[in-house]
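Let's take a walk through a protein model together. Keep the sequence and the 3D view side by side as you read.

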Amino acid sequence: METYIVEEAIKKIGILIAVGLGEAGSSLIQTFLNGEGDELMNAVSMDAVFGFCDIRNFTDATEVLQEEVMIFVNSIAEIIHTTTDKYIGAANKNIGDAFLLVWKVPERVKEDAEENGVDSKSLMTNIADMAFFAILKMYAEINRAPSLLKYVRNQKLVDRIGKGYKPKLGFGLHYGWAIEGAIGSHHKVDVSYLSPEVNIAGRLESETKGYGCILLMSGQFVDLLSPIPRELTRKVDIVGAKGTHEPLRIYTANISDKAIKFQDHRPLKQAVALNKDCYVFKKLIWKEVVEGVMVGASVFQNDTDIHLLTCYNNPHFYKLFDSGMEAFEKGHWIEAK
């Protein structure tokens, strides 16, 4: 009986460590298990897709909800983290009302892909497609989750923020390099990513308010997308940006939440079943990826949420917008009358 109690305690500690350090902390755990605790972790350079998301009107929500704001944030975090995990990404840092998300190719996947003759460009295209897909799924779920309905109906929030209030997030997506490693000391460690490229994802998210959209993506990220997902993007600006030698091309997604409504009742599917579904889906996606299958077209064309997010799209408007953007790039200004 005592042995069982110790075993259960070790399991719980292991789960807590894994949750606390995240996927990026697996190497750190291995280092300490091998008795190499003098160095926290050997930092490595890697390429990845970085996603940054932030809860809008968070100051107002904090002042209105007080202690309940933790439940509010965790309800959103559950959606963000679960969706990221299901679509082969990993949640990295939680910074109050903001979240850093990372999509990278695990070493075992690289090795299996190389054995099958799959090139790195195909791998990263699949990673980018799934990152874009995950963000759109988050956006859909934020606009219908039963766990968030009570905040939509909270009269104090409506009075403070305005009629038609509902929880909103801004998102930024960028592809680039970063150094993965442990940051801190023997007193406190966070395993995260450092580089100007990570900061670009954060800056893209912060600019979503100015551009009046929920998602901004860099040209480096959009260039990786396969044709079907890329059709849902449009260029909105070209700017100079810190951390880049060339002007930063900025894109957004052609989506709308008008067709998605909040649900009054929770679905019957339990959390255990949901976790199993995520596991099976991830296993299937990685299997397809290492075999060289381009998964983007399939997941985008067959998903109900994508159809709901794009059903209000006006092709004529987007064609006209693209023409205007092309003229803007070439400097063909037309004086307004």
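Is Met 138 buried or exposed, going by its relative accessibility? At 0% relative accessibility, Met 138 counts as buried; buried means under 20% relative accessible area, exposed means over 50%, and partly exposed is in between (1.4 Å probe, protein chains only).

Before we go on, some ground rules. This is a predicted model, where local features need pLDDT of at least 70, side-chain atom pairs count only at pLDDT 80 or more, and totals for chains, interfaces and linings use all residues. Residues are numbered from 1 along each chain as its sequence is written, and side-chain values use heavy atoms, with hydrogens and water left out.

Back to Met 138, which sits in helix H6. Helices (H or I, at least four residues) and strands (E, at least two) are DSSP runs, numbered from the N terminus. Setting aside neighbours within four places in sequence, Met 138 is in contact with several residues, including Ile 79, Leu 101, Trp 103 and Phe 171; contact here means heavy atoms within 4.5 Å.

Two of those names, Leu 101 and Trp 103, take us to strand S3, where they point one way along with Phe 99. Ala 98, Leu 100 and Val 102 point the other way, and all of these residues are buried. Six of the six residues of S3 (residues 98-103) are buried, so this strand is largely enclosed by the rest of the structure.

Who are the strand's partners? S3 pairs with strand S1 (residues 44-55) in the antiparallel sense over six bridges, and Cys 53 has Phe 99 as its bridge partner in S3. Two strands pair if DSSP finds at least two bridges between them. Strand S2 (residues 90-95) also runs antiparallel to S3, joined by five bridges. S2 and S3 form a hairpin with two residues between them, and Gly 96 in the turn has a positive phi of about 65°.

Now for the greasy parts. In soluble globular proteins, nonpolar side chains tend to be buried together. A nonpolar core is a set of buried Ala, Val, Leu, Ile, Met, Phe, Trp, Tyr and Cys residues joined through side-chain atoms within 4.5 Å. The largest one here has 71 residues, and Phe 72, Trp 103, Phe 132 and Phe 221 touch the most other members. Helix H6 (residues 120-142) gives this core its largest share, 15 residues. A second, separate core of eleven residues includes Phe 52, Leu 100, Tyr 193 and Val 198.
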